[in-house]
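Please keep the sequence at hand while reading.

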Amino acid sequence: MINRYCLCAAAIALCAPVFGQEPIRFLADKKLWVLDTNTTSYVFGVNERNQLQHVYWGVRLWRDADLAAVRTSPEWASFDGVASTTPGEYAGWGSNMYTEPCLKVTLADGNRDLVLRYVSHQIQGDRLEVVTKDIQYDLFATVHYRVYPSAGIIEKHAVIENRTSQPITIESAQAGTWYVPPGDGYRLSYLNGRWAGETQLVQEDIHPGLKVLESRRGTTSHQTNPWFAIDAVEGDGARADEGRGRVWFGALGWSGSWRLTVEQTPHQQVRVTGGYNTFDFAYPLNPGERLETPPFYGGFTSNGFGEASRMLHRFTREFILPGGHSAKVRPVLYNSWEATEFNVDEPGQKALAEKAAKIGVERFVMDDGWFGARNDDHAGLGDWFVNPKKFPNGLQPLIRYVNSLDMDFGIWVEPEMVNPNSDLYRKHPDWVMNFPGRPRTEARNQLVLNMARDDVKEYTFEWLDKLVTENNIAFLKWDMNRNFSEPGWPEAGPASEKKIWVKYTSNLYEIIDRLRAKHPKLEIESCSGGGGRVDLGIMKRVDEVWTSDNTEAFDRLRIQEGFSYAYPAQGMMAWVTDVPNYNGRSTPLAYRFLVAMMGSLGIGNNLNKWTNDDYALATQMIAYYKTIRGTVQQGRLYRLFSPRLGELTANQYVSEDGKQSVLFAFLRGQQYGRPAPTIRLRGLDERGVYRVKPLDGSKLVEKLETASGAYLQSHGLNLALTGDYDGTSVLLERVE
Ligand code: GLA
């Protein structure tokens, strides 16, 4: 059903939906929109100035009478007018506004004042579009909402349209602003890091002022991830924790330079505005042109960070990752990188493939080094033809061999990059981003191809399409091993060059979308030197992401914990690799397996060096993983003990149907012979009875065969974890 309104028609065109039936309702008498998910309500309206104003975001409301028509907030002296005190839902920068705007423009005639007013709206099922327009110019900002009732998530983005007769330049285009209820005492959580140390959870109190979380790098970045959560301190001083407390959270779906501002105004409004990074941003729109912002997804729960993560996991699995509900569990893969680096050839890869197949691997992936003159990272990137010395008969013999071992075949590509020492660069030096006559800064001896150029985009699509068409390739590991530098695009002309920040990423998305449309069975992993491109924008187009180049198992506990705040295990690649690894640390092989089994399992070891015992252990672990991976990848996660807070780390996963649960526990180091803390489980049915199946019976202190949910959640499990870097897993199967 489409409900269409405009100002004059608003009073008449109502079809009065019954409460609870429609996810989006317009209360015409109060000029309010109510966006309901199964658990939350989000409300905004049109105020007496005819501007969009935020009203409410929190637990689901069941009574429209609780909601009053909105009026602007009072000014505070002559210094904070209503433009700054009022929680604008999608505010242009104009009038005397001093808070972060959603849209800022300069018109060709020099005007920089933008005041957006409501024009009309349209409701179509779970989607709402609200058209706003400047008070004078035909400059339109249409704000789009989508409600995901089952996931508790709301999506917003905006489309800016120039219907004037003069060019305009957009200087800031944000998807929207989220508000938490007015007040003090909020805390911000976000994910920070660097290469080989991604997704470290940071928590800090929000104070007056503005905190910027951003990437200026042209890609999502290892340094900060476009996710946030804000929790409230309750009246009794209690903080939200894993199981309790109000948490508002959001994530941006964009893989280019992005920005989130977390702002506490002098009037106790905490607001988060997010979209394209405004740094070096200028997007010209000629008459008739439009710009769409990335989507910004948000949710609320009263049940703490654990539930906030589970909501995002379910949402991402069902509505973001390809396949949705019907996505299969991820295969166990083997990747050659850490074993052979650039020294790949047909016999060597075949030997690894044979060994991988024996331990139960389902997908064999050949990493870097198979193409051009790629013997190290100094040459060959860009020359995407099979190296004839390493593979004299092309890729077919290897792929056929891999397939004959009952595995599918994947291959590494880095389509956005070029080594200056390559045929491609010698032929097309103008294809990299650059400022003419200026240095071209290399990183890992490579430059960035300017994907914003349509000829580069077409060339890239064509060689990828050819590679996948001519070979039985099931999977691409799509890498990107550096960030932008000197982001010039001389061919676009000075007025349009800065469009590169948007066009690069939208062209990248287009290539992947076209490739997948043409090769529907093809799967893709997003890698950027580890977790440099992990966000809900790329996840719409790829089946999994490479979490970090750091595969050291103890470091991984924190990287994976941070990752789990925002993203599901289904997409989180985790490999078992050789030791010593980062930090010079050596952990037991079983520990490494257990850590990697909390994601989508991969093996990256040099199998040529394994002992018979290693093979036996790996075979056992992979077989065990296959029995629990559905629950890990597609179930509900309960973080029971955090690696940030103590020696014990424990995570539990419960399948959606509640029939299976699996616990992983890790002890960093035992001291004074103390037993590891008791682990009380979560997410079980107290009245249910579960068969307790430890991976290693000797680790279970109380030798239980079955236990009730009440016992497991109240008494808990005691595990005999000893020494350093010990770990184990316990499987629970519901029997009654
Ligand atoms: C990046 C990736 C690695 C590997 C190398 C290959 O660093 O993150 O996994 O693929 O490139 O050069």
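Buried here means under 20% relative accessible area, exposed means over 50%, and partly exposed lies in between, with a 1.4 Å probe and protein chains only. Helices (H or I, at least four residues) and strands (E, at least two) are DSSP runs, numbered from the N terminus. This is a predicted model, in which local features need pLDDT of at least 70 and side-chain atom pairs count only at pLDDT 80 or more, while totals for chains, interfaces and linings use all residues. Residues are numbered from 1 along each chain as its sequence is written, and side-chain values use heavy atoms, with hydrogens and water left out.

Helix α2 covers residues 304-320. Because 14 of its 17 residues are buried, α2 is largely enclosed by the rest of the structure. From first to last C-alpha the helix reaches 23 Å, close to the expected 24 Å; the expected span is 1.5 Å times one less than the number of residues. E318 belongs to α2. Leaving aside neighbours within four places in sequence, E318 is in contact (heavy atoms within 4.5 Å) with S150, G324 and H325. S150 is 168 residues from E318 along the chain, and their C-alpha atoms are separated by 9.9 Å.

Next come the nonpolar cores, each a set of buried Ala, Val, Leu, Ile, Met, Phe, Trp, Tyr and Cys residues joined through side-chain atoms within 4.5 Å. The largest has 182 residues, of which I170, W370, F593 and I603 touch the most other members. Helix α8 (residues 500-518) contributes the largest share of this core, 9 residues. Another core, of 23 residues, lies apart from it and includes L640, A676, A707 and L721. Beyond four places in sequence, the contacts of I170 include L103, V105, I160, F281 and L291.

R25 sits in strand β2 (residues 24-27). This arginine counts as buried because its relative accessibility is 3%. Its side chain makes a polar contact of 3.3 Å with that of D36. A polar contact is a pair of N or O atoms within 3.5 Å; within protein, one must be able to donate a hydrogen and the other to accept it, and residues adjacent in sequence count only if both atoms are side-chain atoms.
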